[in-house]
Amino acid sequence: METNLCNDISADDVAKEVCISSFYLQKGFAIVTGFSLMEYIRNRRLYNAAQDILKNEEKIIEIAYKYCYETPESFTKAFTRFHGITPREVCKNPSAIKTFVPLQIKITIQGGFTMDNLDFITETMDEFTVIGFEREFVFDQGYQLIPKYWDEITQISKPVLFQGKKPETEIEKAICENRIGEFGVCIDDLGSNSFKYMIAGRYKGGAVPEGMKLFTFPKLDWAKFKCFGPLPTALQSLNTKIFQEWLPGNEEYEMSAGFNIEWYSVGENGPDYESGIWFPIKKK
């Protein structure tokens, strides 16, 4: 990424270089660093652009095009949002420049083989289908918008699943019959910088109401990780451990498909709440 900041690169380009799917690269990068991959590239470009302006060797319009902005106006808008000053104000107030230096990767070994610290099983599952609500998200916005999506769907599902309301509409019947809300499914089949997310349940058959979708998982081996604790903290912590401890350097398994499942148990959110993450795997 550092050697291509002046080239028009995408997350797919980076993924090809490191031999991993774009979906898992972007998901893991955000968990480990706290930045989306494209946000990191954008911030690095804007920091370097400020340094170039201070050198006073190129015009601002040339620097804008150099760092892949289509117009000087879009560059100025992004630059001002990041640094808090316009490009023309940099030389007058260089101390205002926001520093964003390259990531430094450090490997820390703690205790024994960290895979033993994660509660998981491997299981071969036959083909199965889920039904639910589906929405498309951009990777940069997924962490912020998906919890709001859950809040939106919960307003529909909670009364019929947990509050004793008799299902009346086709959607309410489908929610009850298929326990929609058991799964959160990330599906990377769009390419580029977007993915599909489903709030779903295991499909038991019957009509598919308007506004709902089906998705079928083929027969696969899965790594099923389990955790206990209040949401979203417990599940986010598990996600981080998988990408920081279990995946890197795993000599036995690797991801086998561009999707994964968040599993949610029945019960009240609290210290003992059980949830999990399922990843499709294959042996190396």
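The following questions and answers set values from a predicted model against the rules behind its labels.

Q: What does the numbering follow, and what pLDDT do local features need?
A: Residues are numbered from 1 along each chain as its sequence is written, and side-chain values use heavy atoms, without hydrogens and water. Local features need pLDDT of at least 70 and side-chain atom pairs count only at pLDDT 80 or more, whereas totals for chains, interfaces and linings use all residues.

Q: How many helices and strands are in the chain, and what makes a run of residues count as one?
A: The chain has eight helices and nine strands. Both are DSSP runs, numbered from the N terminus: a helix is H or I with at least four residues, a strand is E with at least two. Helix H1, for example, covers residues 11-18 and includes Val14.

Q: Why is Val14 called buried?
A: Buried means under 20% relative accessible area, exposed means over 50%, and partly exposed lies in between (1.4 Å probe, protein chains only). Val14 has 12% relative accessibility, so Val14 counts as buried. Of the 284 residues of the chain, 44% count as buried.

Q: Why is Glu134 said to form a salt bridge with Lys213?
A: A salt bridge needs a side-chain nitrogen of Lys or Arg within 4 Å of a carboxyl oxygen of Asp or Glu. The closest N and O atoms of Glu134 and Lys213 are 3.6 Å apart, so the pair meets the rule. The pair links distant parts of the chain, with Glu134 in strand S2 (residues 128-138) and Lys213 in strand S5 (residues 213-217), 79 residues apart. Glu134 is partly exposed at 25% relative accessible area, and Lys213 is partly exposed at 43%.

Q: What makes Glu152 and Arg135 a salt bridge, and which elements hold them?
A: Their closest N and O atoms are 2.9 Å apart. Glu152 lies in helix H6 and Arg135 in strand S2, so the pair ties together parts that are 17 residues apart in sequence. Glu152 counts as partly exposed at 37%, and Arg135 is partly exposed at 33%.

Q: Where do Lys173 and Glu170 lie?
A: Both are in helix H7 (residues 170-178), three residues apart, about one turn of the helix.

Q: How do you know that the charged end of Lys224 sits over the ring of Trp278?
A: A charge sits over a ring if NZ of Lys or CZ of Arg is within 6 Å of the ring centre and within 35 degrees of the ring normal. The charged end of Lys224 is 4.0 Å from the centre of the Trp278 ring. Arg202 likewise lies over the face of Phe128, at 4.7 Å from the ring centre.

Q: What makes the peptide bond from Leu231 to Pro232 cis?
A: Its omega is near 0°. Pro232 is in the loop between strand S6 (220-228) and H8.

Q: What sets Cys19 and Arg179 apart in phi?
A: Most residues other than glycine have a negative phi, and most peptide bonds are trans. Cys19 has a positive phi of about 60° although it is not a glycine, and phi of Arg179 is near 45°. Cys19 lies in the loop between H1 and H2 and is exposed, with a relative accessible area of 72%. Arg179 is in the loop between H7 and strand S3 (183-187) and is partly exposed at 24%.

Q: What makes a space a pocket, and how much space lies in the second largest pocket?
A: On a 1 Å grid over the protein atoms alone, a pocket is an open set of points where a 1.4 Å probe fits, with protein on both sides within 12 Å along at least five of seven lines. The second largest pocket holds about 1,400 Å³ of space, where volume is the space filled by probe spheres set on the points. Lining residues have an atom within 4 Å of a point. Of its 46 lining residues, the closest to the centre are Trp150, Leu231, Pro232, Glu262 and Tyr264. H6 gives the largest share of the lining, 12 residues.
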